[in-house]
Structures are given as structure tokens and as C-alpha cells.
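Let's take a friendly walk through this model together. We will look at its charged pairs, its sheets and its cores in turn.

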Amino acid sequence: MKGEKVGRGSGEGTEDVTATDSRPASDFIRDIIEEDLRTGKYDGRVHTRFPPEPNGYLHIGHAKSICLNFGIAIQYGGLYNLRFDDTNPTKEEEEYVESIQEDARWLGFDWEDRLFYASDYFEQLYDYAVQLIKLGKAYVCDLSPDEVREYRGTLTEPGRESPYRNRPVEENLDLFGRMRAGEFGDGARVLRAKIDMASPNLSMRDPVMYRILHASHHRTGDKWCIYPMYDFTHCLSDSIEGITHSICTLEFENNRPLYDWFLDQLEVYHPQQIEFARLNLNYTVMSKRKLLRLVEEGYVSGWDDPRMPTLSGLRRRGYTPEAIRDFSERTGVAKANSVVDVAFLEYCIRQDLNERAPRVMGVLRPLKVVIDNYPEDQVEMLEALNHPQDPSMGAREVSFSKVLYIEQEDFQEDPPKKFYRLAPGREVRLRYAYFITCVGVVKDEESGEVVELHCTYDPETRGGAAPDGRKVKGTLHWVSAAHAVKAEARLYDRLFVQEDPDDVEEGADFTASLNPDSLEILTACRVEPSLAGAAPGSRYQFERQGYFCVDPDSSEGKLEFNRTVSLRDSWAKIEKARKDVKGKGR
């Protein structure tokens, strides 16, 4: 089997590697597959699929499912399909189809010629439904949607049979054909499976198989006015495609008996459904319905807003496919639902960008610094390393001159204890440059705000070391005022202030948990001139600030950076504390 795009690389998930480059840790799904391979079930085949509904953009939870489904097929030398379960034309759009393919490819997966749609099978699914009617296993029901729900019963009370349940086969065939022909209005009739209205599993109480929906489909147009339900479509699509292991999330566990029932009644090829716990992150919502509300009601700028957990949002924010695949693998495969700390996702992107992102200097909130004893018209070119831990990334030159910018937060007029940055009379090191000492402060006459510092420099300390051996405790980043490039920086925080966004007061919904400070836009930033032509999507570490990505809307005349993640690594601290406790317990 040819190599798939699943390994680590320096690019955007474009390095071809084979499945032998990495073997994920075993889990209960892989244990099932290995047992099936040992016993020769499915003739030694492994064939999986990722079957999204094209009614929204993919999010980080879908990424885990993609990595699991496709990764397992790669690991065992099998095949994987991308299939759109497009059975609800009122919510599905071609935009979503295209975005899902783009995201899956960005993650590094290529399904070759195995792109399918449930709508490809509409005619065959209709024939299967007719077959079930002929077997006396399906009937046309005239109950309204509300009546169907009422007749279904509850968890503690059995359902009641529909008065239309025992219609003759010929009448059901006639009515179902007329439903297809468009004789009835939306919701007038449905086709239901005839199973068991007393079943303790509500999904087995004569579930709806087809509903009337006079809506144009994004692929089939107006050819159909009846559409199959997800549960009926899903299992039969898996069967048609020869899927061996139908891997899905835990909420479909109760639907597995129905999945099996349809396949058994029709006596068709039977894949095996296996459920795993979906990915949940704190401070995040993963419901497509809720994400759609955030977009439609203007709480975010779109599906690709960098605060969104969508793959397009994470990509725009600067996340790499390698980091997301690493996160998906590290979180593991479980049988019980749990919540993953979003700090762990941030840890994974820090680990990845720490290796790949070149270092640059950017000042987010500039404070002017004039070096009084530096020659007026002199400009020096100083060598700066692109990555101190990776000499292969080379070096660049940065301009140094009389007037600089430093961060406002790197100066305090009356500093507290353990503040080692610049203060009146204090000496600090400028990264790659000289020692400077603050000798004067200029303030705004009205506000009293510090607007300019005057300093002196020691010309003997070029490169950041003093010949006499004296030490300084603070090292600051900076840019030359005359050479710096103007830029905008967008600082993103968590979209919600609550770990569980649904944990709100009675009468409120998850939007009450939105973080009003989730985005701060800084328009007066200055970055070093090497970034003047930075391409959209390029990632950098702004020294002492965090990791930033050039926004797609950025242009040569207007540089826009999105902060991917700060340098603060709370997860590493958590891990260290955990290991320390574990070590003490030995």
C-alpha cells in the first residue's frame, strides 16, 4: 500500500510517510480488529470510513474521528472512504461538502477515488425499503410527528401501536410509491419499520425510515421528495461500501440494535458497529447546532473565526495538522465519555511550534526608547538566530538604531520586587544588541502616562555580554523605530468563561457563558522588517510573547497576525506537578 500523509513533517501535512513510521498505542478498537484479523473475519480486510453530514464545518472532535478511522485503516494496510451522509437537504450545503474535504486533506489524508455520498444510493435504499414492505417489516403511517412521539411511549412505559401498523402490504406499496411521486405534502405520511413498540430500547419502537420533504437536494436536485432517515441510510451505506468496522461515537450505541436489525432483515453484508467516546473539551462547545448559532447570530466572525474549535478556525489561528494529529493520538480511545482540558491541546501546538517556528521580534504595545549616546545617523546590522536550538534554521540581520520600541509592560517607574526589566537607573540587556540603562522618563502632560524613555548604551556590550563580567537580570526584545513594520495583532482567549458553557443560570443558555474578552485587537504593533513579506499562514514565535500566524486577509500593506497560543504552558506545569506527586508516592 502506498504511503499516506499522516506523519510528522515540516510542512502542511504534505510529507508522505508509511504506516510503519508510527504505531499508535493499542486500544479496545484495535484489539477487536486484531482479533478479527487473527480469525479471518472479513477475509482479513480492514475498511473504514468517515461519514460526516454536510450541515456544518468540521471541528476538533471530528478530527479525532478522522484520525482514528483513517489511521486504523492505514495501520492495518486497509482502505478508508470519505462518505457524506447527505439525507437532509434543508440543512446541507455544497459549501460544507467542500470545507469538509479541504479540512480532511489538510489533516493529511487522501481517500483517492473513494469519495461517496449517501445520495449515490437513494435508488438502492428505496428498493431496500420496498423489500422491507414486501416482507411485512415496514408500513406507511399517517400519524403526525407529534402523534408519533406520543405513541412511542417513555423509558418506563411501552409504546402504543399505530392504527396504520397493520395495513396490507399492497396498500403500503401503493402509498409509498405515491409518496415518492409527490402526491402528499410534507409530514403527511412517513414510512416506519415494524419492529417492537414495547422494546426497552426506544430506537426500536417502529422508527421512521422515510419522511416527505419537498426540498431541493444539493446533488440530486428535485428528483426526490422523500428522503431516508439517518439510521436507515447509515448502516446500508456501510454495507454497500463493504465497510468492515463502522466506528462511531458513543451516542450511537443505542442505535446499534437498529443498525443490526435493518441489515439482518434484508440479509445483506453486515459490518460491525463499534462505539467510542467522543472528544469533549472544557471551555468549548462541540455541538454543530450551537456552533451554527454562534456564526448566524454574529458572536463570531464565521466558521473560521480563530476562537472556534472548527478545523478551519484552528488552521486560521495557526494550528498545524501535525499538532492536531498528535493531540488526537495522545487523548486515546475510551469507552466512557470524559472532558479533556483545552490546555492539553495548547500544549500539543506549543510542542510542535517550538520545533518548527522561527523566532522573530515583535512589539505589541510599543513604548519609545531614545538612546541618548548612540550616534544620530548610525544603523548597525546585528545577527539574530532564527532558532537558538536549531542552528540549521540559520540567522538573519536586524537593524539597530538610536530610536527603538520596547514593550510598555517591560518598564515600570516604581517596580515591585522581582521585576527585573527596565526601570529608572536600571540596566538591562537588549536581545542580540547592547546593555542599556534608563536615565529619563517622558510623560504625557494630561494623562501622566509614560510615553518615552531616554537611555544610554554601553558600546562595549555588543552581542549581549559585558567585558568586565557584570551581569544583568533582564533581557528585552525590541525593534528599530525607523525600520520596523506596522502590524495588527489579534490576541485570542477562550471563547467561554465557564469550563462547561452550559452551566448557566436557569432560563439562560450557553451564550451567557461567552467571554467578552475573547478577542483583543492591537493596531499599533511594530515587527522587525524581516516580516514585511510574510506569507499568509506563516508561523513565528514572537520572542517572549507567543506563537503567531499571518492571517489569510493579511497583505503587503497591512500585516495581520493571529496569536496561536501564548508561551505560558500551564499544561506542562500540571504534568510536572503530577509527576512530582507520583514520584513522591513511590
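## Charged pairs

A salt bridge here is a side-chain nitrogen of Lys or Arg within 4 Å of a carboxyl oxygen of Asp or Glu. Please keep in mind that this is a predicted model. With that cut-off, R30 and D27 qualify: their side chains meet in a salt bridge with an N to O distance of 2.5 Å. Is R30 buried or exposed? R30 counts as buried because its relative accessible area is 6%, and buried means under 20%. D27 is buried as well, at 8% relative accessibility.

Searching the whole structure gives 50 salt bridges. One of them joins E161 and R165, whose closest N and O atoms are 3.5 Å apart. Here the two partners fall into separate classes: E161 is partly exposed at 45% relative accessibility, whereas R165 is buried, with a relative accessible area of 8%. In general, side chains of opposite charge can pair when their charged atoms come close.

## A link across the chain, and a network

E413 and K443 form another salt bridge, with 2.8 Å between the closest N and O atoms. Where do the two partners sit? E413 belongs to the loop between β15 (403–407) and β16 (427–430), while K443 is in strand β17 (residues 435–443), so the pair, 30 residues apart, links distant parts of the chain. E413 is partly exposed at 41% relative accessibility, and K443 is partly exposed at 38%.

Salt bridges can also share partners. In this way D304, R316, E488, R490, D551, D553, K558 and E560 are joined into one network.

## The sheet of three strands

Next, a parallel sheet. Its 3 strands come in the order β1-β2-β3, and the sheet is open. The edges are formed by β1 (47–50) and β3 (115–117), each of which pairs on one side only. Direction ignored, neighbouring strands of this sheet are turned by 35 degrees against each other on average.

Between β1 and strand β2 (residues 79–84), the parallel pairing runs over 4 bridges. Within that pairing, F50 stands opposite L82 in β2. Which helices lie across this sheet? Helix α3 (residues 94–107) lies across β2 and β3, at about 155 degrees to β2. Helix α7 (residues 230–241) lies across β1, β2 and β3, at about 140 degrees to β2.

## The sheet of seven strands

Another open sheet has 7 strands with mixed pairing, in the order β10-β23-β24-β25-β21-β22-β11. Its edge strands are β10 (359–360) and β11 (362–363), each pairing on one side only. β11 pairs with strand β22 (residues 519–527) in the antiparallel sense over 2 bridges, and G362 stands opposite V527 in β22. As a rule, strands of a sheet pair through backbone hydrogen bonds, either parallel or antiparallel.

Helix α12 (residues 342–356) lies across β10, β23 (539–542), β24 (546–550) and β25 (559–566), and runs at about 120 degrees to β25.

## A buried threonine in a loop

T511 is located in the loop between β21 (485–492) and β22. Is T511 buried or exposed? T511 is buried, with a relative accessible area of 15%. The side chains of T511 and D509 are joined by a polar contact of 2.4 Å. Once neighbours within four places in sequence are set aside, T511 is in contact with R293 and Y299.

## Nonpolar cores

Which residues touch the most other members of the largest nonpolar core? In this core of 41 residues, they are I60, I66, L107, F109, L281, I324 and F327. At least two residues of the core come from each of α2 (60–75), β2, α3, α10 (311–317), α11 (321–330) and α12.

F327 shows how such a residue is surrounded. Leaving aside neighbours within four places in sequence, F327 is in contact with I60, L279, L281, V340, F344, L345 and C348. Another core, of 37 residues, lies apart from the largest one and includes Y121, M179, M209 and Y259.

Conventions: Residues numbered from 1 in each chain as written. Predicted model: local features only at pLDDT ≥ 70, side-chain atom pairs only at ≥ 80, totals over all residues. Heavy atoms only, no water. Pairing = 2+ DSSP bridges. Contact = heavy atoms within 4.5 Å. Axes fitted to C-alpha atoms, helices over the stretch in contact; angles between N-to-C directions. Buried < 20%, exposed > 50% of the residue type's maximum accessible area, 1.4 Å probe, protein only. Polar contact = N/O pair within 3.5 Å; in protein donor to acceptor, adjacent residues only side chain to side chain. Core = buried A, V, L, I, M, F, W, Y, C linked by side-chain atoms within 4.5 Å.
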